[in-house]
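Subject: Structure handover

Hello,

Here is the structure I promised to pass on. Please open it alongside this note; my findings follow below.

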Amino acid sequence: MKLLLIDDDSELCDLLKTYLVQDGFGVEVMNRFDEDRWETMAHEIGFVVLDVGLPGKNGFEVLRYLRGASRVPVLMLTARGEDVDRIIGLEMGADDYLPKPCNPRELSARIRAIQRRVDGSPQAAKDRYLSVGGVDLDAGTRSVKRGSSSIPLTSTEFNVLERLMQNAGSVVSKEELTRDVLGRRMSSYDRAVDMHISSIRRKIGEGLVCTVRGVGYQFLLKE
């Protein structure tokens with residue numbers, strides 16, 4: 001898989017690129033976002049690692065641009081301790097985040113975890129069609145509809161919604177969603193799942209996904 005690393009820290013880019021190439025990825029690097037270059041390579045990029053603090057068009061603006069035309073998975077690199085940046089990124093459609101400075105091995109593991117859930121098993125996906133509460137989810141085409149309206153979801157939002165619909169009527173814990181969908185352990189004050197749920201609610205409508213305080217989330221069998 002070829003990924004695009006967008007970060008103005010050339011030293012960090014060299015370090016991450018060296019590790020990721022050794023780990024089997026193809027890597028393109030931008031030190032600032034170039035729309036023309038993106039347009040020429042977009043068809044071959046399967047993943048984007050995006051720094052928030054870019055010069056010129058910042059990471060949030062780049063994410064907004066990417067989400068306007070693509071569902072490519074995006075992992076954002078944020079300054080350590082900047083919880084607001086992480087929340088904003090997730091609300092805007094990032095799939096996950098990693099604080100800087102980051103460990104190349106953890107970055108690679110996060111990328112692979114997200115990509116596994118995007119790719120899934122083609123054969124298994126053919127058999128995964130869910131219809132609950134007026135929402136239709138087709139894992140084969142990775143599409144979601146409510147009535148006749150298509151609902152654009154990011155790859156992670158799709159996977160979170162699929163897990164909830166598979167367990168409709170039952171509570172799915174935040175720990176389970178973090179482990180099985182994001183591919184990592186849930187840490188203290190980790191709000192990634194909460195942000196994805198919030199975005200899903202905005203897109204499919206309120207009243208379908210409820211919060212079970214202190215436990216997790218439940219997709220209701222009927223409104």
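By class, seven nonpolar, two polar and seven charged residues form the lining of the largest pocket. Here Ala, Val, Leu, Ile, Met, Phe, Trp, Tyr, Cys and Pro count as nonpolar, Asp, Glu, Lys and Arg as charged, and the others, Gly among them, as polar. This is a predicted model: local features need pLDDT of at least 70, side-chain atom pairs count only at pLDDT 80 or more, and totals for chains, interfaces and linings use all residues. Residues are numbered from 1 along each chain as its sequence is written, and side-chain values use heavy atoms, with hydrogens and water left out.

The pocket holds about 240 Å³ of space. Of its 16 lining residues, Asp-83, Arg-86, Tyr-97, Tyr-189 and Asp-190 are the closest to its centre. A pocket is an open set of points on a 1 Å grid over the protein atoms alone, where a 1.4 Å probe fits, with protein on both sides within 12 Å along at least five of seven lines; lining residues have an atom within 4 Å of a point. Points are joined across faces, edges and corners, and the volume is the space filled by probe spheres set on them.

Helix H4 (83–91) gives the most to the lining, with four residues. Strand E5 (96–100), helix H5 (104–119) and helix H9 (192–204) each supply at least two. Helices (H or I, at least four residues) and strands (E, at least two) are DSSP runs, numbered from the N terminus. The protein chain has nine helices and 12 strands.

Next, helix H7 (residues 155–166). Of its 12 residues, 10 are buried, so H7 is largely enclosed by the rest of the structure. Buried means under 20% relative accessible area (1.4 Å probe, protein chains only). Among the buried residues of H7 are Phe-158, Val-160, Leu-161 and Glu-162. Across the protein chain, buried residues make up 47% of the 223 residues.

Met-30 is buried, with a relative accessible area of 1%. Leaving aside neighbours within four places in sequence, Met-30 is in contact (heavy atoms within 4.5 Å) with Leu-4, Leu-5, Ile-6, Asp-7, Arg-37, Trp-38 and Met-41. Asp-8 lies 22 residues from Met-30 in sequence, and their C-alpha atoms are 7.5 Å apart.

Last, the overall dimensions. Along the principal axes, the C-alpha atoms of the protein chain fill a box of roughly 50 × 35 × 30 Å.

Best wishes

How values were computed
Buried means under 20% relative accessible area, exposed over 50%, partly exposed in between (1.4 Å probe, protein chains only).
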